[in-house]
Amino acid sequence: MQATLEHGELDLNVFEGIACINILDAMKMLERALASFIENCLLGIEVNEQRCKQLANSLIPAIVELKEKFGYSTVSRWLKEKSREELIKLLQCGGNDDDKNI
């Protein structure tokens, strides 16, 4: 009996119950928040196909792709210096180091 007491095997952790209650409360709160989000934000949303097509065909997707290849500062500088056609050509070239001089 003394050995088990010394090793802490008979100790009762009173905080385990509180931790469990807090986890269950957090899960319930998340459940309510999700239900509220769906009801107040998602229900009734309709797709604006014309606006989606307009954004898909804009320069924004090309700029994002260039940013992934060359970095934000380089692409930001190019946006100030180059025309739309030059940026699209740069993207179509595949983004080699030689293309930075386009």
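Let me begin with a definition: a residue counts as buried when its relative accessible area is under 20%, as exposed when that value is over 50%, and as partly exposed in between, using a 1.4 Å probe and the protein chains only. What we have here is a predicted model, in which local features need pLDDT of at least 70 and side-chain atom pairs count only at pLDDT 80 or more, while totals for chains, interfaces and linings use all residues. Residues are numbered from 1 along each chain as its sequence is written, and side-chain values use heavy atoms, with hydrogens and water left out.

The protein chain has six helices and zero strands, where helices are DSSP runs of H or I with at least four residues, strands are runs of E with at least two, and both are numbered from the N terminus. Of its 102 residues, 13% count as buried.

Now please look at helix α4, residues 60-70, in which Ala-62, Leu-66 and Phe-70 are buried. Why do these residues line one face of the helix? Seen down the axis of α4, they fall within an arc of 50°, taken from the directions from the helix axis to the C-beta atoms, and so they share one face. In general, an α-helix has 3.6 residues a turn, so residues three or four places apart point the same way.

The buried residues of α4 pack against α5 (72-81) and α6 (84-92), whereas Ile-60 and Glu-68, on the other side of α4, are exposed. Just after α4, Gly-71 takes a positive phi of about 100°.

Finally, Leu-42, which belongs to helix α2 (residues 15-42), is partly exposed, with a relative accessible area of 41%.

Definitions and conventions
Contact means heavy atoms within 4.5 Å.
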